[in-house]
Amino acid sequence: MAEVRERSSSRRGMWGVELQDPEVLDVAADVVLCVVEVVIYTRGRLAWGLGRAGQVVRDRVDRALRRLLK
């Protein structure tokens, strides 16, 4: 997650930004989204007893999420 934070903050020119800084919201959102994606893919693969979240798992989870958003 630190890598996601670093990439997001550098992309925005916000090196060394801290969580308590008011302008950190977009960087924090990127990190939170990454956490949610990891959890969703992991839970999806575990529901079917799979050892990894490969392309098929990611595709099915993504399609299921799109359906839920409709």
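I take buried to mean under 20% relative accessible area, exposed over 50%, and partly exposed in between, with a 1.4 Å probe and protein chains only.

**Entry 1: ground rules.** I note that this is a predicted model, in which local features need pLDDT of at least 70, side-chain atom pairs count only at pLDDT 80 or more, and totals for chains, interfaces and linings use all residues. Residues are numbered from 1 along each chain as its sequence is written, and side-chain values use heavy atoms, with hydrogens and water left out.

**Entry 2: helix H2.** I looked up H2, which covers residues 25–47; helices (H or I, at least four residues) and strands (E, at least two) are DSSP runs, numbered from the N terminus. H2 has 23 residues and reaches 32 Å from its first C-alpha to its last. That is close to the 33 Å expected at 1.5 Å a residue, where the expected span is 1.5 Å times one less than the number of residues. I then checked the C-alpha atoms of Ala-47 and Leu-25: they are 22 residues apart along the chain and separated by 32 Å. Just after H2, I found Gly-49 with a positive phi of about 70 degrees.

**Entry 3: burial along H2.** Which residues of H2 are buried? I list Val-27, Val-31, Cys-34, Tyr-41, Gly-44 and Arg-45. Their cover includes helix H1 (2–11) and H3. I recall that an α-helix has 3.6 residues a turn, so residues three or four places apart point the same way. Elsewhere in H2 I looked up Leu-33, which counts as partly exposed because its relative accessibility is 48%. Ala-47 also lies in H2 and, at 57% relative accessibility, counts as exposed.

**Entry 4: H2 against H3.** Two packed helices are described by the angle between their axes and the distance between the axes. Here the axes are lines fitted to C-alpha atoms, for helices over the stretch in contact, and angles run from 0 to 180 degrees between N-to-C directions. H2 packs with H3 (residues 55–69) at an angle of about 110 degrees, and their axes are 10 Å apart. I therefore record H2 and H3 as roughly perpendicular to each other (under 35 degrees is roughly parallel, over 145 roughly antiparallel, 65 to 115 roughly perpendicular and the rest oblique). H2 passes H3 in a right-handed crossing; a crossing is left-handed if the near helix is turned anticlockwise from the far one by less than a right angle, and right-handed if clockwise. Ile-40, Tyr-41 and Arg-45 of H2 meet Val-57, Arg-58, Val-61, Asp-62 and Leu-65 of H3, contact meaning heavy atoms within 4.5 Å. By class, this contact of H2 with H3 has five nonpolar, no polar and three charged residues. Ala, Val, Leu, Ile, Met, Phe, Trp, Tyr, Cys and Pro count as nonpolar, Asp, Glu, Lys and Arg as charged, and the others, Gly among them, as polar.

**Entry 5: Ile-40.** Is Ile-40 buried, exposed or partly exposed? Ile-40 counts as partly exposed, at 29% relative accessibility. Not counting residues up to four places away in sequence, Ile-40 touches Val-61 and Leu-65.

**Entry 6: H1 against H2.** I found H1 and H2 packed at an angle of about 145 degrees, with axes 9 Å apart. H1 passes H2 in a right-handed crossing. Val-4, Arg-5, Ser-8, Ser-9 and Arg-11 of H1 make the contact with Asp-26, Val-27, Asp-30, Val-31 and Cys-34 of H2. These residues divide into four nonpolar, two polar and four charged.

**Entry 7: Ser-8.** Ser-8 is buried, with a relative accessible area of 1%. Leaving out residues up to four places away in sequence, I note that Ser-8 touches Asp-26, Val-27 and Asp-30.
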